[in-house]
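Have the sequence and the 3D view ready.

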Amino acid sequence: MRIEKIRLQNLNSLYGTHEVDLTSEAFRKNNLFLIWGPTGSGKTTILDGITLALYGRTSRLDKVNKTTNAIMSQGTKCCAAEVTFSLGTTRYRASWSQEINRNGNLNEYKRELCKLTDDGDIVLETKPSCMDEAIQGLIKLSYEQFTKAVLLEQGKFSEFMSAKDDDRAKILEQLTGTDIYTKLSKK
């Protein structure tokens with residue numbers, strides 16, 4: 001999985017719309033980059049946006065629903081997270097959004113998974129209750145595996161390194177595609 005674009009709107013300290021294009025020349029030239037800045041500048045919010053778009057939750061805020069949304073920037077009426085990613089040559093977009101209605105109450109959040117093609121977007125899933133399964137089916141990682149192996153947030157690297165050998169091995173096998181060898185050896 002390669003994340004190509006991240007688009008955020010009114011999440012935590014990041015007011016307005018922000019887009020990070022990881023396909024730009026600066027990111028293509030270097031496969032390793034750093035997200036840095038002072039406390040409160042939105043570094044972790046970028047990571048929150050990725051997991052929110054893919055899994056509908058973040059490590060700091062497990063659930064967002066019709067009665068609570070602590071991730072929406074204060075004083076705004078909507079928030080959203082969108083991630084465009086590729087698996088091989090196939091591109092996808094996962095999104096999450098929520099709005100405050102005219103009565104001042106939160107609407108149910110919306111989630112969508114699309115396959116991007118030259119002929120237009122193909123909607124694969126829109127039911128929030130089915131999105132996690134659809135995402136996991138594509139990228140082969142649960143939310144827990146994704147946050148431990150792909151997005152090692154501040155202080156989480158030691159958590160991954162101190163995980164049980166079997167747990168860490170399973171995550172690494174899935175990431176590298178070598179889980180087939182474990183399956184073959186069992187047969």
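**Charged pairs and a helix**

R111 is buried, with a relative accessible area of 5% (buried means under 20%, exposed over 50%, partly exposed in between, using a 1.4 Å probe and protein chains only). This is a predicted model, where local features need pLDDT of at least 70, side-chain atom pairs count only at pLDDT 80 or more, and totals for chains, interfaces and linings use all residues. Residues are numbered from 1 along each chain as its sequence is written, and side-chain values use heavy atoms, with hydrogens and water left out.

**Salt bridges**
- A salt bridge here is a side-chain nitrogen of Lys or Arg within 4 Å of a carboxyl oxygen of Asp or Glu, and by this rule the count comes to five.
- D132 pairs with R111 this way, with the closest N and O atoms 3.2 Å apart.
- That pair links distant parts of the chain: D132 sits in helix α3 and R111 in strand β5 (residues 110-117), 21 residues apart (helices, H or I with at least four residues, and strands, E with at least two, are DSSP runs numbered from the N terminus).
- D132 is partly exposed, at 31% relative accessible area.
- R91 forms another salt bridge, with E4, where the closest N and O atoms are 2.7 Å apart.

**Helix α3**
- M131, I135 and I139 are buried in α3.
- They cover an arc of only 35 degrees around the axis, so they lie on the same side of α3 (the arc is that of the directions from the helix axis to the C-beta atoms).
- On the other side of α3, S129 and E133 are exposed.
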